[in-house]
Amino acid sequence: VTFNALSRARQTRMVTHATIDGAPIVEVTGIDAETVRLTGVLTAEITGDVDAALDRLRDLQDGKPHPLTRGTRYYGQFVVRSFQYSEDMWSGSMLSVASWSMDLVSTREAVDG
């Protein structure tokens with residue numbers, strides 16, 4: 001299953017200390033884990049069984065890190081934080097279109113040695 005859009009975010013962790021006679025002092029304490037949101041659309045014409053494709057996406061929410069790639073680009077290892085989908089059209093008894101989104105959090109790969 002491929003995604004249509006990818007958005008990435010990273011935030012700096014900061015602590016602000018009040019001062020008596022001036023501007024507060026801001027202390028940078030590090031960088032938070034990167035978060036990624038993937039969105040996509042599944043159609044029966046392209047994907048085949050939309051329900052089976054949704055099951056495969058849902059199965060990624062297993063608490064284990066998975067590689068995130070696009071073509072030959074490797075983004076790193078990510079854990080699925082949340083998965084959402086909406087069923088947009090029905091064709092008889094089969095689901096024919098579903099929109100989905102997935103929120104991911106980067107993990108740090110173990111360093112040997």
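Accessible areas here come from the Shrake-Rupley method with a 1.4 Å probe, and for residues only the protein chains shown count as cover.

This is a predicted model, in which local features need pLDDT of at least 70 and side-chain atom pairs count only at pLDDT 80 or more, while totals for chains, interfaces and linings use all residues. Residues are numbered from 1 along each chain as its sequence is written, and side-chain values use heavy atoms, with hydrogens and water left out.

View 1. Start here to get your bearings. From the N terminus on, the order of elements is β-β-β-β-α-α-β-β-β. Helices (H or I, at least four residues) and strands (E, at least two) are DSSP runs, numbered from the N terminus. Of the 113 residues, 25% count as buried; buried means under 20% relative accessible area, exposed means over 50%, and partly exposed lies in between (1.4 Å probe, protein chains only). Among contacts (heavy atoms within 4.5 Å) between residues at least 6 apart in sequence, 55% join residues at least 24 apart.

**View 2. Glutamate 34 and arginine 8 meet in a salt bridge.** Side chains of opposite charge can pair when their charged atoms come close. A salt bridge is a side-chain nitrogen of Lys or Arg within 4 Å of a carboxyl oxygen of Asp or Glu, and by this rule the count comes to four. In this pair the N to O distance is 2.5 Å. Glutamate 34 sits in the loop between strand 3 and strand 4 (35-43), and arginine 8 in strand 1 (residues 5-9), 26 residues apart. Glutamate 34 is buried at 13% relative accessible area, whereas arginine 8 is partly exposed at 41%.

**View 3. Arginine 13 and aspartate 32 form another salt bridge.** Their N to O distance is 3.2 Å. Arginine 13 lies in strand 2 (residues 12-17) and aspartate 32 in the loop between strand 3 and strand 4, so the pair ties together parts that are 19 residues apart in sequence. Arginine 13 is partly exposed, at 35% relative accessibility, and aspartate 32 is partly exposed too, at 30%.

**View 4. Aspartate 103 pairs with arginine 37.** This salt bridge has an N to O distance of 2.7 Å. It links distant parts of the chain: aspartate 103 in strand 7 (residues 94-106) and arginine 37 in strand 4, 66 residues apart. Aspartate 103 is buried, at 18% relative accessible area, while arginine 37 is partly exposed, at 35%.

**View 5. Met14, Val26 and Val28 make a nonpolar surface patch.** The patch covers about 290 Å². Patches are made of residues with over 30% relative accessible area and no salt bridge; like charges are joined within 9 Å, and nonpolar side chains (Val, Leu, Ile, Met, Phe, Trp, Tyr) within 5 Å. Valine 26 belongs to strand 3 (residues 25-31) and is partly exposed, at 46% relative accessible area.

**View 6. Asp49, Asp51, Glu87 and Asp88 gather in a surface patch of negative charge.** Lys and Arg count as positive and Asp and Glu as negative, with His and the chain ends not counted. The place of a charge is taken as NZ of Lys, CZ of Arg, CG of Asp or CD of Glu. Look for aspartate 88 in strand 6 (residues 73-91); aspartate 88 is partly exposed, at 42% relative accessible area.
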